[in-house]
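Work through the following exercises with the sequence and the model side by side. Try each task before reading its solution.

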Amino acid sequence: MSKSQRIDSPLEGTILPYYQLSPAHRRIVFVGNDWYTQGYVRLFRHKTYITIDPNPERACYGNPANNYVDVAENIVRHVEPGSIDVIFLNGIIGWGLNELAAAERTFAAFATTLRPGGDLLIGWNDLPEHKPFALDDIKSLRENFRRTVFQPVGVAEHMVPNEWRHTFSFFQR
């Protein structure tokens, strides 16, 4: 298969259901709360589902039992090192995580909190106005993670063919 291919409704149709059903992924962190993420609490009700977002007004869209009002780089203050199985960072780069220095701290924190072999999914828009830096520019990402093929779709990176050019990149600790 090619590096990028068409996947219908990739996040909610393929990616999230995979982790919902995976017995190897029990502890999940989702970065960023908004109206469209509120149903994920129910989706992951049989898992330890943790949400984090710096905006207190969006806490209502996170997990009421396990939400932190904080920036992603501070996840190390809220979970034990090596205790997380998967982290979703979707729609945050270029929409709040806009400085390379903050990205370095964020991915270093993810490397601390993810277990060895844990998964990191990064969803980002491949548009100049929402791409303040390239993923390859983030040293802490390069040094602590490796790109990996997400088996349910057979690719390591997938761009949704829409006006946002939303791209999913898959990594492993």
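In these exercises a residue counts as buried when its relative accessible area is under 20%, as exposed when that area is over 50%, and as partly exposed in between, with a 1.4 Å probe and protein chains only. The model is a predicted one, in which local features need pLDDT of at least 70 and side-chain atom pairs count only at pLDDT 80 or more, while totals for chains, interfaces and linings use all residues. Residues are numbered from 1 along each chain as its sequence is written, and side-chain values use heavy atoms, with hydrogens and water left out.

**Exercise 1. A helix and its buried side**

Solution. Begin with the naming: helices (H or I, at least four residues) and strands (E, at least two) are DSSP runs, numbered from the N terminus.

Next, list the buried residues of α1, which are P10, L11, T14, I15, L16 and Y19.

**Exercise 2. Salt bridges along the chain**

First, R105 meets E73 with an N to O distance of 2.8 Å. This pair links distant parts of the chain, since R105 is in helix α3 (residues 100–113) and E73 is in the loop between β3 (67–69) and β4, 32 residues apart. R105 itself is partly exposed, at a relative accessible area of 42%.

Second, K139 meets E143 at 3.8 Å, again N to O. Both residues lie in helix α4 (residues 139–144), four residues apart, which is about one turn of the helix. K139 is partly exposed at 41% relative accessibility, whereas E143 is exposed at 55%.

Third, R147 forms a salt bridge with E157, with the closest N and O atoms 3.0 Å apart. Here R147 is in strand β6 (residues 146–147) and E157 is in strand β7, ten residues apart, so this pair too links distant parts of the chain. R147 is partly exposed at 33%, but E157 is buried at 14%.

**Exercise 3. The largest nonpolar core**

Task: Find which residues touch the most other members of the largest nonpolar core, and then examine F107, S140 and V31.

Solution. A nonpolar core is a set of buried Ala, Val, Leu, Ile, Met, Phe, Trp, Tyr and Cys residues joined through side-chain atoms within 4.5 Å. The largest has 29 residues, of which F107, F110, L120 and I122 touch the most other members. Its largest share, six residues, comes from α3.

Now take F107: not counting residues up to four places away in sequence, F107 touches L89, I93, L120, I122, I138, S140, L141 and F145. Turning to S140, this residue is found in helix α4 and is buried, with a relative accessible area of 9%. With neighbours within four places in sequence left aside, the contacts of S140 are A103, E104, F107, A108 and F145.

Last, V31 has its place in strand β1 and is buried at 5%. Beyond four places in sequence, the contacts of V31 include I52, A72, I87 and F110. The C-alpha atoms of V31 and P54 are separated by 9.5 Å, although these residues are 23 residues apart along the chain.

Definitions and conventions:
A salt bridge is a side-chain nitrogen of Lys or Arg within 4 Å of a carboxyl oxygen of Asp or Glu. Contact means heavy atoms within 4.5 Å.
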